[in-house]
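Hi there,

Here is the structure I promised to pass on. Have a look at it first, and then read on for what turned up.

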Amino acid sequence: MTDTTALRTMMVDTQVRPSDVTKFPIIEALLAIEREAFVPADKSPVAYMDEPIVLAPGRVLSDARGFAKMLDALDLERDELVLDLGCGLGYSAAILARMVDAVVAVEEDSDMARDAEATLGEKGIDNVAVLHAPLVEGAPKAGPYDVIVIEGGVETIPSAIEDQLKEGGRIAAVFVEGALGTCRIGHKSKGRISYKIVFNATLPVLPGFALEKGFSF
């Protein structure tokens, strides 16, 4: 594979740092992980462009700027356990794995789950468990989690997912309302989650995370 160190450095210097993301663990992870290894082969030439990359119909890899800002707002700690919902081909899990003790990555597309597990293994990333399961179910047996990261848009978050968050834990997702969206961070206190908007963003809504549409007459 071509050495893309310079492209990663440019991505960080032109997309991430100008967004006031400067925490060392985030910068180090973005510089270390080969983004092109976690996208479809035909998307490899555009892996470092400042835009989401299509992984499959209705599924994208978030742009580095937005993902980095989300991680910055989550303020991850090394000893935490993270649930990565909708890990796609594994890039988000690979980044998270350099920042925390362990990651449980859930992907419901069987092909992407298989490829994510294979690529993570090839890269020697051994603190990620990839599960092939419906995203709306999460991975309750491995929880509860200090942090939950949802890798896609949501209109609503099922209670089954929020229940997997530890007391005092944080959850991040991009909430979509029509053509607009916001990244929000939720904090769990006394069994309830309060969300705060941190920046504007939009991503395709993940399967199972759309609001039920009412009937019209």
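**What turned up**

Let me start with two helices: H1 (residues 5–16) packs with H3 (residues 64–74) at an angle of about 70°, and their axes are 9 Å apart. Please keep in mind that this is a predicted model. Since angles of 65 to 115 degrees count as roughly perpendicular, H1 and H3 are therefore roughly perpendicular to each other. If you want to see where they touch, look at Met-11, Thr-14, Gln-15 and Val-16 on the H1 side, which meet Ala-64, Arg-65 and Ala-68 of H3. Sorted by class, that contact of H1 with H3 has four nonpolar residues, two polar ones and one charged one.

Next, the sheet. Seven strands make up an open sheet with mixed pairing, in the order S5-S4-S3-S6-S7-S8-S9. At the edges are S5 (128–132) and S9 (192–200), each of which pairs on one side only. From one strand to the next, the twist averages 20°. Within this sheet, S7 (residues 165–177) and S8 (residues 180–189) pair in the antiparallel sense over eight bridges. A handy landmark is Val-174, which stands opposite Cys-183 in S8.

Helices also lie across strands of the sheet. H5 (residues 110–122) lies across S4 (102–107) and S5, running at about 165° to S5.

By class, the lining of the largest pocket has 15 nonpolar, nine polar and three charged residues.

Finally, two backbone details to check on your screen. Most residues other than glycine have a negative phi, and most peptide bonds are trans. Against that background:

- The peptide bond from Gly-143 to Pro-144 is cis, with omega near 5°; Pro-144 sits in the loop between S5 and S6.
- Asp-20 is not a glycine, yet has a positive phi of about 65°; you will find Asp-20 in the loop between H1 and H2 (24–32).

Happy browsing, and write back with any questions!

Best wishes

Terms used: Residues are numbered from 1 along each chain as its sequence is written. This is a predicted model: local features need pLDDT of at least 70, side-chain atom pairs count only at pLDDT 80 or more; totals for chains, interfaces and linings use all residues. Side-chain values use heavy atoms; hydrogens and water are left out. Axes are lines fitted to C-alpha atoms, for helices over the stretch in contact, and angles run from 0 to 180 degrees between N-to-C directions. Helices (H or I, at least four residues) and strands (E, at least two) are DSSP runs, numbered from the N terminus. Angles under 35 degrees count as roughly parallel, over 145 as roughly antiparallel, 65 to 115 as roughly perpendicular and the rest as oblique. Contact means heavy atoms within 4.5 Å. Ala, Val, Leu, Ile, Met, Phe, Trp, Tyr, Cys and Pro count as nonpolar, Asp, Glu, Lys and Arg as charged, and the others, Gly among them, as polar. Two strands pair if DSSP finds at least two bridges between them.
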